[in-house]
Amino acid sequence: MEILMIGYSTIGVKDIDVAKKFYCDLFDATVHVDIGRLAMIGKTMDAPMIAVCEPFNGEAPSCGNGAMIAFSASSKDEVNALHAKALSLGATDEGAPGQRIDDVFYGAYVRDLDGNKLAFYIFG
């Protein structure tokens with residue numbers, strides 16, 4: 001049996017429609033599952049996805065201290081492009097693209113419209 005490491009990650013959002021648009025536009029992806037307060041967004045159902053969700057308890061979503069979702073890129077140029085695109089969609093900068101660990105890790109960081117921290121990265 002093959003075990004996949006990540007199928008999807010879920011983040012809390014204030015406005016499900018705004019979040020769906022942000023992530024669909026950011027990743028040129030589509031909503032594959034939509035049950036009203038939760039939507040799963042990705043390229044295909046069998047690839048990792050992000051789920052955006054209005055909290056079940058009706059409370060405001062909160063970002064975990066130290067929590068972050070990292071999205072792998074195919075190149076440094078793609079890291080740069082995702083960072084720029086997220087900013088153009090209303091995200092805030094949390095760290096411009098750059099080499100973080102020499103010859104090992106290149107990354108960029110943003111906060112989405114609800115304050116969730118995202119990283120775009122490539123090893124190398």
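Reply: In this predicted model, S2 and strand S3, residues 38-42, pair in the antiparallel sense, and four bridges join them. Within this part, Asp34 stands opposite Ala39 in S3. As a general point, strands of a sheet pair through backbone hydrogen bonds, and the sense can be parallel or antiparallel.

The pair belongs to an open sheet that four strands form in the order S1-S4-S3-S2, with mixed pairing. The edges of this sheet are strand S1 (8-12) and strand S2 (30-34), each of which pairs on one side only. On average, neighbouring strands of the sheet are turned by 25° against each other, when direction is ignored. Across S1, S2, S3 and strand S4 (49-53) lies helix H1, made of residues 16-27, and this helix runs at about 5° to S3.

One further residue deserves a place in this picture. Asp114 sits in the loop between strand S7 (105-111) and strand S8 (117-123), and, leaving aside residues up to four places away in sequence, Asp114 touches Gly12, Val13, Lys14 and Cys63. Of these, Gly12 falls within the range of strand S1 (8-12), an edge strand of the sheet. The side chain of Asp114 also reaches the backbone nitrogen of Lys14, at 3.0 Å. Asp114 counts as buried, because its relative accessibility is 18% and the cut-off for buried is under 20%.

Note on methods:
Residues numbered from 1 in each chain as written. Predicted model: local features only at pLDDT ≥ 70, side-chain atom pairs only at ≥ 80, totals over all residues. Heavy atoms only, no water. Helix = DSSP H or I, 4+ residues; strand = E, 2+ residues; numbered from the N terminus. Buried < 20%, exposed > 50% of the residue type's maximum accessible area, 1.4 Å probe, protein only. Polar contact = N/O pair within 3.5 Å; in protein donor to acceptor, adjacent residues only side chain to side chain. Contact = heavy atoms within 4.5 Å. Pairing = 2+ DSSP bridges. Axes fitted to C-alpha atoms, helices over the stretch in contact; angles between N-to-C directions.
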